[in-house]
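Please examine the model shown here.

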Amino acid sequence: MAYSTSVNISIETQAENIIQEISYDGQEIYQPALSMSDNLSKLAQRIDFSKVDDDSKQQEVEIKSEEESKEPSPNVPVSGWIDSVVSKLKRAATEICVISDVLAVTKEKRYMILDPIPTESIETKPMAQIYLRKKALASASNIIMSAVDRLRSSQNEFIRNRTTPDFHIELLRLRQNWRLKKVSTAIIGDLSYKTAGSKFGQSGMFEVTKAEDDIQSNSGTSSNSPSSSPGQNVSITKSPSALRVTVPTELQGVSYIMVLCQKDQENIFNTSFNLLGSAPATPNPDMHWQQKLEAAQNVLFCKELFNQLAKEAVQLQATIPHMVVGNQISATVFPGIQLIIGLCHSSTNGNPNTILPSKTDHDHVLEHSLHQLLREVHHRNTHQPFPHPSSGPLGPSKRRAVAGPNAADRFELLEMSKSQTLLEQIIEQAQHFFMRLRTEYVIDTLAKEVKDPIIISHWNSLNSPTQACVKVTIVSHGFDCICRTSLVVHVMKKSLKCICRDGRVMYLSYEPQELRDLIFCQIYQHQIMGVQSVAKTQGWQFLASSSHLGLGPVEPMGNASSCLLASPIGDRLISVKCEPQGNVSVSIAHSPKKDFFGGQLVKERKWENLGGSFKKVRWDKMEGKNFLNKIELLMASLTNST
């Protein structure tokens, strides 16, 4: 057999199709790809079947030559592969005939019958079966009881692990919310706000220890309790903690800031506040470490807030000096009104039997503002505007940094350097609070007193701590579409800014009488404007009007307003006078005069058209719902009588 040294090389055709035609514009037209059937027929055409037959014959000759060389048997005839196939087919046909004969014999039952072979019967004893079943049930019950014991032990272990927390897991939870460090063998924590820039000197250190004895005693009593079922082992008890937190004595208990506003100067310091550390410290071991640390940090925060307010009260130079006595700070908001800020502290650490000072008369809003102001200071200390150095002292603020490029003058630089203290801000908020209360009282009182016209007030819901806005609308019932008077009042810290309907801006002081007088003036001006509007609808002529009438007696407040109206044909006149105190007088005149008599000087009848004297109308006897309705009825009656 010859061995060839040739190497087979696989050659693949290109993936693209053969170019069939190239058009004149250079576009190539490819032959479409062959389908699978076309490709198979193309490959079959390449096969040379004559060569395949020659190769098969040559292989058969080689196989025969090898067999003859191995086993030379000249007596045995050589048969081809067709003879082997024929023999196998004959054997298969024989087996099929045998199977058909067996099936025919068993089915027809004429030549042979197939009967089952009888088996020997075994004697059964009932007691033995009972013993076997009893043994099987006992083994099954043993398996079930062993499973129950394993479940019970696993449940007890789970309850023990749940009621007995791990020290390191509790310590990890503690580190997520509180600052801790290890000093020698002790774990020390810090409650202060020094990382937020606080300069309060009191220490906020606390110690963390491991409470092993309490955990073992509580877990032992809960796990050793007898029970008939695993569900009864669960007892509703408070899970002990693996940590024990020791807080300093001065930070134990409950503390809060109380803000009071009093008007009587004699009772300024009669409010009963607990002095700092007045009661002995009694730590409560049942309190959880998270609640204990939150209460201690609240005590530290209230002390820092009160200490900052006390420093500012001493340093500020007010017109009426502020007073700091014990744990109380008093400041003058308005003449005769005092603002009192007190620190209440009870060192009983949450004992429910302890009676804290009464909190019925204090101001929740100002107390919340105090807490918010100090927290804003801490937030500004930790959130400086960018860009700022990553290390070292911080530079000027953002406004001062751009003061040079913006060419700021000396006045603007001085305004940038000014800053309000916490006490000044809370005093301004208290002043605004009193101004808002007085404004509400004046408007509500006038709305109750004055029935005609109707006074409606709408307070803006979006206000700042030192500024509020209210819109006062004056309308007459049934005539709100033709006449409406609006007044906008901005409540400041110590003054009021009033914007009238005609665009005039007036500034009022903190005295409530000034606002009351202004609203009264707006009321009678509204009546005069309403009379003019009704006259236009009735066809009457508007002759004259004056908002500052100089005739008649001197008014105690403001000036009276008046207007003069004429009928459509000019034979009737109506004079309306509105006084600031709410009094309204209406007079009418006729033309020509009914009581004209000629004399030596005035003899002609043409002078009777000048009109007679005005006669006052008994306004309280007139019919009508309100002032403008009565004016409307009066105009209608005078027009009809004409």
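A residue counts as buried under 20% relative accessible area, as exposed over 50%, and as partly exposed in between. The model is a predicted one, and by this criterion 30% of the 642 residues of the protein are buried. Arg-516 has a relative accessible area of 21% and is therefore partly exposed. Glu-449, with a relative accessible area of 46%, is likewise partly exposed.

Arg-516 and Glu-449 form a salt bridge, in which the closest N and O atoms are 2.7 Å apart. This pair links distant parts of the chain, since Arg-516 belongs to helix H12 and Glu-449 to helix H11, 67 residues apart. Side chains of opposite charge can pair when their charged atoms come close.

The two helices that carry this pair also pack against each other. The axes of H11 (residues 422-449) and H12 (residues 512-538) come within 10 Å and cross at roughly 40°. H11 and H12 are therefore oblique to each other, and H11 passes H12 in a right-handed crossing. On the H11 side, the contact involves Arg-438, Thr-439, Val-442, Ile-443, Thr-445, Leu-446 and Glu-449; on the H12 side, it involves Pro-512, Leu-515, Arg-516, Ile-519 and Phe-520. By class, this contact comprises 7 nonpolar, 2 polar and 3 charged residues.

H11 has a further helical partner in H8 (residues 364-382). The axes of H8 and H11 are 10 Å apart, and the packing angle is about 145°. H8, too, passes H11 in a right-handed crossing. Here Leu-366, Ser-369, Leu-370, Leu-373, Leu-374 and Val-377 of H8 meet Leu-422, Gln-425, Ile-426, Gln-429 and Ala-430 of H11. The contact of H8 with H11 has 8 nonpolar and 3 polar residues, with no charged residues.

What other charged pairs does the model contain? A search of the whole structure finds 6 salt bridges. One of them joins Glu-428 to Lys-493, with the closest N and O atoms 3.7 Å apart. Because Glu-428 lies in H11 and Lys-493 in the loop between strand E13 (484-491) and strand E14 (496-499), the pair ties together parts that are 65 residues apart in sequence. With a relative accessible area of 16%, Glu-428 is buried, whereas Lys-493 is partly exposed at 32%. Another salt bridge is formed by Arg-572 and Asp-571, whose closest N and O atoms are 3.4 Å apart. Both Arg-572 and Asp-571 are buried.

Ile-499 has a relative accessibility of 26% and so counts as partly exposed. Apart from neighbours within four places in sequence, Ile-499 is in contact with Ser-486, Leu-487, Val-488, His-490, Arg-504 and Val-505. Between Ile-499 and Lys-471, 28 residues apart in sequence, the C-alpha to C-alpha distance is 9.6 Å.

These local views belong to a protein with 13 helices and 20 strands. Among its contacts between residues at least 6 apart in sequence, 60% join residues at least 24 apart.

Note on methods:
Residues are numbered from 1 along each chain as its sequence is written. This is a predicted model: local features need pLDDT of at least 70, side-chain atom pairs count only at pLDDT 80 or more; totals for chains, interfaces and linings use all residues. Side-chain values use heavy atoms; hydrogens and water are left out. Axes are lines fitted to C-alpha atoms, for helices over the stretch in contact, and angles run from 0 to 180 degrees between N-to-C directions. Helices (H or I, at least four residues) and strands (E, at least two) are DSSP runs, numbered from the N terminus. Angles under 35 degrees count as roughly parallel, over 145 as roughly antiparallel, 65 to 115 as roughly perpendicular and the rest as oblique. A crossing is left-handed if the near helix is turned anticlockwise from the far one by less than a right angle, and right-handed if clockwise. Contact means heavy atoms within 4.5 Å. Ala, Val, Leu, Ile, Met, Phe, Trp, Tyr, Cys and Pro count as nonpolar, Asp, Glu, Lys and Arg as charged, and the others, Gly among them, as polar. A salt bridge is a side-chain nitrogen of Lys or Arg within 4 Å of a carboxyl oxygen of Asp or Glu. Buried means under 20% relative accessible area, exposed over 50%, partly exposed in between (1.4 Å probe, protein chains only).
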